[in-house]
Amino acid sequence: MKKLLSFFLSICIVVSISTIVDFNTYASVIYDREPNNTLPTAIQVSLGDTIHGEIGSYNLYTKNKKTDIDYYKINLLQGNEYTIKMANYSAFYRETTLIVKLISPDNQETSIGHKLVYSEKEKLDICKIKAEKSGTYYIKLYNYFDLELQQPHYYSLLITDNNSQRINSVNINSTKITKIKNGKKKVTAFWKTVKGIDGYQIQYSLKKNMKRSKRKIIKGSSAKKLLIKNLKSKKIYYFRIRTYKNVGGEKEYGKWSAKKKIKTK
């Protein structure tokens, strides 16, 4: 009976993630990828990125050696107020007791989970924080106690800056991919250069919806091509590109270009 209940709960969690989480931002979608269970392996994210992740089961009292902790790092500016939104925090809190903490640039660790308040309007848990210093902050997530359900915790996370009207508050000219050349397990992408920017970001994936994608940052406005190696042979890949500017220690992105696809040799 316990196994049947466990299976049913896991199905409910996955369904809830796929149907209700849509932060509708201008930035990227980031997926939890291991290893990111230490500060040095924290995944870099930007304001407005939608983060999807999973925390494995952890029991504080049995000192489970398979402790799963997720770390993300983000640059924040002193004095600015930020909003943190989470999906699937309150809904499974009693079963998993997900802990959410913020680590400041001077290594001060503060719990922010208790500040998350469920909004009936947005169907999300929301709280506001203020950066006391400028620098790199870390978001730490882990399970405190799972009440013997042994279930992973699926979550979605978003951080936005309350001091700007939207994520892309800076006017940034966009670009597009002009040509793609395929090779054996590699692809060369060419794009139209844009003046007055700090660089480009290319995203590529085996899926048309860009899930489980990888991204490459290309510094400098004069760059016009990128060779991407170690791809799978005879597979169709989808590519798109956008520009960025460095503003106050944070990357502000332009709009994504239309996707182009090509099959590797």
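Predicted model: local features only at pLDDT ≥ 70, side-chain atom pairs only at ≥ 80, totals over all residues.
Colleague: How many helices and strands does the chain have?

Modeller: Helices (H or I, at least four residues) and strands (E, at least two) are DSSP runs, numbered from the N terminus. The chain has two helices and 19 strands.

Colleague: What share of the residues is buried?

Modeller: Buried means under 20% relative accessible area, exposed over 50%, and partly exposed in between, with a 1.4 Å probe and protein chains only. Of the 265 residues in the chain, 48% are buried.

Colleague: Which residues of the largest nonpolar core touch the most other members?

Modeller: A nonpolar core is a set of buried Ala, Val, Leu, Ile, Met, Phe, Trp, Tyr and Cys residues joined through side-chain atoms within 4.5 Å. Here the largest has 26 residues, and Ile 84, Met 86, Ile 139 and Leu 141 touch the most other members. Elements giving two or more residues to this core include β5 (81-87) and β10 (135-143). Another core, of 20 residues, lies apart from it, with Ile 177 and Tyr 200 among its members.

Colleague: What does Ser 205 touch?

Modeller: Contact means heavy atoms within 4.5 Å. Not counting residues up to four places away in sequence, Ser 205 touches Met 210, Lys 211, Arg 212, Ser 213, Ile 236, Tyr 237 and Tyr 238. Ser 205 lies in strand β14 (residues 199-205) and is buried, at 2% relative accessible area.

Colleague: Which backbone atom of Lys 207 does the side chain of Ser 205 reach?

Modeller: A polar contact is a pair of N or O atoms within 3.5 Å; within protein, one must be able to donate a hydrogen and the other to accept it, and residues adjacent in sequence count only if both atoms are side-chain atoms. The side chain of Ser 205 reaches the backbone nitrogen of Lys 207 at 2.9 Å. A polar atom of that side chain also lies 2.8 Å from the backbone oxygen of Lys 211.

Colleague: Where is Met 210, and what is its phi?

Modeller: Most residues other than glycine have a negative phi. Met 210 has a positive phi of about 70 degrees although it is not a glycine. Met 210 lies in the loop between β14 and β15 and is buried, with a relative accessible area of 5%.

Colleague: Is Asn 107 buried or exposed?

Modeller: Asn 107 counts as exposed because its relative accessibility is 54%. Asn 107 is in the loop between β6 and β7 (109-111), and has a positive phi of about 70 degrees.

Colleague: How many residues separate Lys 186 and Leu 231 in sequence?

Modeller: Lys 186 and Leu 231 are 45 residues apart in sequence, yet 5.6 Å apart in space, C-alpha to C-alpha. Lys 186 is in strand β13 (residues 186-191) and is partly exposed, at 38% relative accessibility. Among contacts in the chain between residues at least 6 apart in sequence, 73% join residues at least 24 apart.

Definitions and conventions: Residues numbered from 1 in each chain as written. Heavy atoms only, no water.
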